Amino acid sequence: MAGQDQAFMARALELARKGLYSTHPNPRVGCVIVRDGQVVGEGWHVRAGEPHAEVHALRQAAERARGATAYVTLEPCSHHGRTPPCADALVAAGVGRVVAAMQDPNPQVAGRGLKRLEDAGIAVSSGVLEAEAKALNAGFIKRMEQGLPFVRVKLAMSLDGRTAMASGESQWITGPAARAAVQRLRARASVVLTGADTVLMDAARLTVRPDELGLDAELTALAASRPPLRVLVDGRLRVPSDVPFFQAGPALVATALEGREAPAGHELIAVPGADGRVDLRRLLEALASRGVNEVLVEAGPRLAGAFAQAGLVDEYQIFFAGKFLGSGARPLLDWPLERMAEAPELSIVEVRAVGEDWRVIAVPRLPA
């Protein structure tokens, strides 16, 4: 039974990943309904406000759901939100068993969905492929448990650890495949965040370009339908309103200055911190309160370094290009360290070729 449970849950996770670009602010969830060893229904959550994965799978299964086993990547919800409770739908369909990958971290659910099923006489188990399910929804989990979004910092560098020439020129360090991978990182994020230096020096727009995603037509359309919120950290409001960033659509500007107005068509939030800078933790808390699960930071060494020094980074995705930029070029992070003992340690979790470049995914190593 354990091997079968894992196989069907793996399929449910595969379905859940189809929602990678569209479910914000909801979690990505997949469901598979199995009767007599055969899949009779499948579904995944497409976008907020629409039916959840269980409902799609139950509709496909119809009467064959009675007595069947439902494999769900997240505990079925038990509360009325924008849609009715999925736990009630499973009970009404007469399923005989429910296997969940993980418990829902949402305090409104948190075990209540599984209890609702048990109270109805349905056999329940949880924890099948739990680590994979948690990785898929790391941002949702962190927001529910800590009131902060998951922060992913993307960096592109040469083999000698440089991100731009001394003049600021940085296009293009990496090749087309790496740039497509970055487009997918943007598309999955709730927020793409950058700083004033990047917007001024690179004329950056930080938009998702659907034709560069490299996805199938269905996922490309979903990604295009839910562009991430673009956030500009501009502590002193140095960026003029006529730059390409502001012309590319609505954006949120985070500043340290009180009582200022945002450029027309945009929003401004004041989160003053020390030394006249934006308080990055308070900014992340404000974004989480808006339902933001994942933040992608695409910024220069100063802002990226500020996130790193504040201990606010959950994951680094670093793209290496096979070239040298020289000793006068700009460093990866602005993070002055004087002794080896001060060097923060990272765990490298993946190294992969991306076209002619390489991508390293690393996470801060927790203290023993």
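# Report on a predicted protein model

Asp275 is found in the loop between β11 and α11 (280-289). In this report, helices (H or I, at least four residues) and strands (E, at least two) are DSSP runs, numbered from the N terminus. The structure is a predicted model, in which local features need pLDDT of at least 70 and side-chain atom pairs count only at pLDDT 80 or more, whereas totals for chains, interfaces and linings use all residues. Residues are numbered from 1 along each chain as its sequence is written, and side-chain values use heavy atoms, with hydrogens and water left out.

Most residues other than glycine have a negative phi, and most peptide bonds are trans. Asp275, which is not a glycine, has a positive phi near 60°. Leu206 likewise is not a glycine and has a positive phi of about 60°; its place is the loop between α8 (196-202) and α9 (217-225). A cis peptide bond, with omega of about 5°, joins His24 and Pro25. Pro25 belongs to the loop between α1 and β1.

## Buried and exposed positions

A residue is called buried under 20% relative accessible area, exposed over 50%, and partly exposed in between (1.4 Å probe, protein chains only). The table lists several residues by this criterion.

| Residue | Relative accessible area | Class |
|---|---|---|
| Ser22 | 3% | buried |
| Glu54 | 2% | buried |
| Ser158 | 0% | buried |
| Leu206 | 5% | buried |
| Asp275 | 72% | exposed |

Glu54 lies in helix α2 (residues 53-61). The UniProt annotation "active site", from an unreviewed entry, covers this residue; such annotations are given in the numbering used here, with shortened feature names, and may be inferred rather than shown by experiment. Contact means heavy atoms within 4.5 Å. Not counting residues up to four places away in sequence, Glu54 touches Cys31, Val72, Leu74, Pro76, Cys86 and Leu90.

Ser22 sits in the loop between α1 and β1 (30-35). With neighbours within four places in sequence set aside, the contacts of Ser22 include Trp44, Val46 and Arg226. A polar atom of the Ser22 side chain lies 2.5 Å from the backbone oxygen of Val46.

Ser158 is part of strand β6. A polar contact is a pair of N or O atoms within 3.5 Å; within protein, one must be able to donate a hydrogen and the other to accept it, and residues adjacent in sequence count only if both atoms are side-chain atoms. Ser158 and Ala329 are 171 residues apart along the chain, and their C-alpha atoms are separated by 9.9 Å. Apart from residues up to four places away in sequence, Ser158 touches several residues, including Ile173, Phe320 and Leu325.

## The sheet

Strands of a sheet pair through backbone hydrogen bonds, either parallel or antiparallel. Here two strands are said to pair if DSSP finds at least two bridges between them. Nine strands form an open sheet of mixed pairing, in the order β11-β10-β9-β8-β12-β6-β13-β16-β15. Because β11 (267-270) and β15 (346-354) stand at the edges with a single partner strand each, one side of each lacks a neighbour in the sheet. On average, neighbouring strands are turned by 25° against each other, direction ignored. Axes are lines fitted to C-alpha atoms, for helices over the stretch in contact, and angles run from 0 to 180 degrees between N-to-C directions. Helix α7 (residues 176-188) packs on the sheet, and its direction makes about 160° with that of β13 (315-321).

Strand β9 (residues 229-233) is largely enclosed by the rest of the structure, because four of its five residues are buried. Five bridges join β9 to β8, and these two strands run parallel; Gly195 stands opposite Val233 in β9. Strand β9 also runs parallel to β10, to which four bridges join it, and Val231 has Leu252 in β10 as its bridge partner. Four bridges in turn join β10 (residues 251-255) to the parallel strand β11, where Leu268 is the bridge partner of Val253.

## Nonpolar cores

In soluble globular proteins, nonpolar side chains tend to be buried together. A nonpolar core is a set of buried Ala, Val, Leu, Ile, Met, Phe, Trp, Tyr and Cys residues joined through side-chain atoms within 4.5 Å. The largest such core has 49 residues, of which Met9, Ile33, Val95 and Val98 touch the most other members. Helix α1 (residues 2-16) gives the most to this core, with six residues. Apart from this core lies another, of 32 residues, among them Leu155, Leu252, Val278 and Ala299.
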